Every structure is written in structure tokens, then in C-alpha cells.
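Hello,

Here is the structure we talked about. Please have it open while you read the notes below.

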Amino acid sequence: MSGKSSAPTVGVPSAPPLPDELEDLLRRLRLPHVRRHAPEVVATAKAQRWEPVEVLKALFAEEVAGRDRSSLATRRAAAGFPTGKTFDAWQPEASSIPAPTQQALRTLEWVHRRENLVVCGPSGTGKTFLLEALGHQAVEAGLRVAWFTLENLGVMLRRHRADDTVTKAIARILRADLVVVDDIGLLPVAADAAEGLYRLVDAAYEKRSVAISSNLHPSGFDELMPKTLATATVDRLLHHAHVCQTSGDSVRLTQALAGQGVSPLS
């Protein structure tokens with residue numbers, strides 16, 4: 001619990017249940033966290049002779065904290081992150097991206113300014129890790145994030161083209177403050193995926209932030225998709241974008257060669 005009721009108090013009597021009438025009122029007012037913690041708060045307040053205003057403060061602090069936790073869980077689930085990697089496991093010194101750039105990205109000011117982010121470089125150099133960690137940080141800061149692969153975009157386009165609702169589907173995606181498209185450049189881009197990427201970048205232009213990871217610099221996207229579509233996509237993507245190029249050996253391969261990729265066989 002938050003506030004004065006957060007620390008266990010010696011001698012506090014067991015908390016009796018709330019009267020049915022009060023339970024019903026709290027349920028109708030949709031205050032589930034007050035309802036859950038009120039018995040303990042009331043018991044503690046009696047034992048410690050709190051002023052009425054202290055009781056109210058403790059109860060409403062519990063409601064706010066509970067709603068914040070629920071909202072965070074909802075945003076995290078809606079984002080669709082692939083693995084759950086956060087900056088808790090990030091090693092800034094192991095990244096080829098300059099430390100000042102890493103710190104600037106972590107402020108998320110670029111998201112608030114509706115700027116884009118492109119992280120490009122060889123496989124295994126931390127591109128996806130960085131984008132997911134930034135995504136988690138954005139969610140924890142109260143922002144909404146949506147995570148996609150190019151294949152996801154292609155599937156989405158095909159599904160909504162059937163009933164002519166592609167524009168509405170893109171608009172729903174752009175309810176997020178930050179849209180991430182991961183792993184561009186590993187394979188040739190199917191026509192539906194290429195169109196989906198263009199539609200997303202075009203609709204988000206100067207309205208939402210788009211972050212992508214790619215094995216290729218965007219200037220090489222015409223190797224993956226039709227030149228006209230690639231040019232239009234890259235033009236909008238890079239106009240307000242921070243481009244970070246990674247380099248070095250694959251972290252995954254280095255760990256595998258050092259025997260860190262698996263647990264030893266017994």
C-alpha cells in the first residue's frame with residue numbers, strides 16, 4: 001500500500017470487512033482499489049488515530065497507484081513486444097551507437113516531437129534490443145506503442161483490403177504515439193508488406209513517430225521493393241529522422257562461440 005498504510009504496524013487489529021452498503025457504493029463508483037485496500041486502511045487509521053483527511057489521502061493514493069499499474073499493464077500488452085527486453089539488461093558500452101546518442105534517445109524527446117528513428121546495421125548488433133528497450137521505456141512513461149514486422153503489415157493490409165478498411169486500420173495503428181517496424185531487409189519485401197509500410201509511414205508523417213530497424217540503410221530500400229514506392233517511403237521516413245548505424249560483430253554469434261548461448265549439457 002502507499003502512504004501511511006504502506007509499512008506494517010505492530011498492534012494493528014485485523015481488518016474487518018467493509019459494510020455491504022459501502023462495498024456497493026465503491027463498486028458503483030468504480031473504485032476497485034479503494035474497495036480492496038479500505039479495510040486495512042481503516043484498521044490502521046483507527047490504531048494510529050489518523051485525521052480523516054489522512055484516511056482519504058491514503059485511500060485515493062491506493063486508487064491512483066492501482067489505476068496506474070492497470071494502465072501500464074494494458075499499454076504493455078497492447079504494444080505486442082517480442083521478447084520483453086528492457087534497459088535493465090542493456091549494456092551501453094557494448095553498443096556501437098555513441099553513448100550521448102543513446103542517452104538522447106532514452107529521453108524520448110524525439111517521440112514527443114513526432115520524429116522518426118532508423119537503426120540500421122549488420123545482424124546481431126543490438127538494433128531490435130534497442131528499439132524494444134526504448135518501446136518499454138515509452139510505455140512506462142505513459143505513451144502508447146505498437147510493434148510490427150513487415151510481415152505483420154502485409155497480413156494486415158491483405159485482411160483489410162478485402163472489405164476496403166485499410167485506411168481505418170492504419171488510423172487505429174496510429175493511435176499509438178510510437179510505431180515500431182522491426183527487421184526490414186532480411187528478406188525481399190512482398191508487395192503487400194511494401195504497400196503497408198508506405199501507407200503507415202505516409203499516414204504517420206509529422207503526426208506520429210515511426211522507428212524501424214533494418215540491415216540496410218533506407219537509401220538501399222529500392223533493393224527490397226519497387227523503386228517508386230521505396231523512394232516515396234524513404235522520403236517521408238527520413239525527413240524528420242534520427243539515423244543510427246550500428247557496426248561490429250554479431251553479439252549472438254560471439255556469445256554462441258563463447259558457449260554462452262546454451263546451458264551446458266549434463
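Predicted model: local features only at pLDDT ≥ 70, side-chain atom pairs only at ≥ 80, totals over all residues.

S1 spans residues 116-120, and five of its five residues are buried. Which strands does S1 pair with? One is S5, residues 241-245. S1 and S5 run parallel and are joined by five bridges. Within that pairing, Val118 stands opposite Val243. The other is S4, residues 209-214. Four bridges join S1 to S4, and these strands also run parallel.

**Helices H3 and H6**

Next, a helix pair. H3 covers residues 52-79 and H6 covers residues 127-140. How do their axes cross? They come within 9 Å, at an angle of roughly 150°. The cut-off for roughly antiparallel is over 145 degrees, so H3 is roughly antiparallel to H6. The crossing of H3 and H6 is right-handed.

Which residues meet there? From H3, they are Leu72, Arg75, Arg76 and Ala79. From H6, they are His136, Val139 and Glu140. By type, the contact divides into three nonpolar, one polar and three charged residues.

Best wishes

Technical notes
Residues numbered from 1 in each chain as written. Heavy atoms only, no water. Axes fitted to C-alpha atoms, helices over the stretch in contact; angles between N-to-C directions. Helix = DSSP H or I, 4+ residues; strand = E, 2+ residues; numbered from the N terminus. Parallel < 35°, antiparallel > 145°, perpendicular 65-115°, else oblique. Left-handed = near helix turned anticlockwise from the far one by under 90°. Contact = heavy atoms within 4.5 Å. Nonpolar A, V, L, I, M, F, W, Y, C, P; charged D, E, K, R; others polar. Buried < 20%, exposed > 50% of the residue type's maximum accessible area, 1.4 Å probe, protein only. Pairing = 2+ DSSP bridges.
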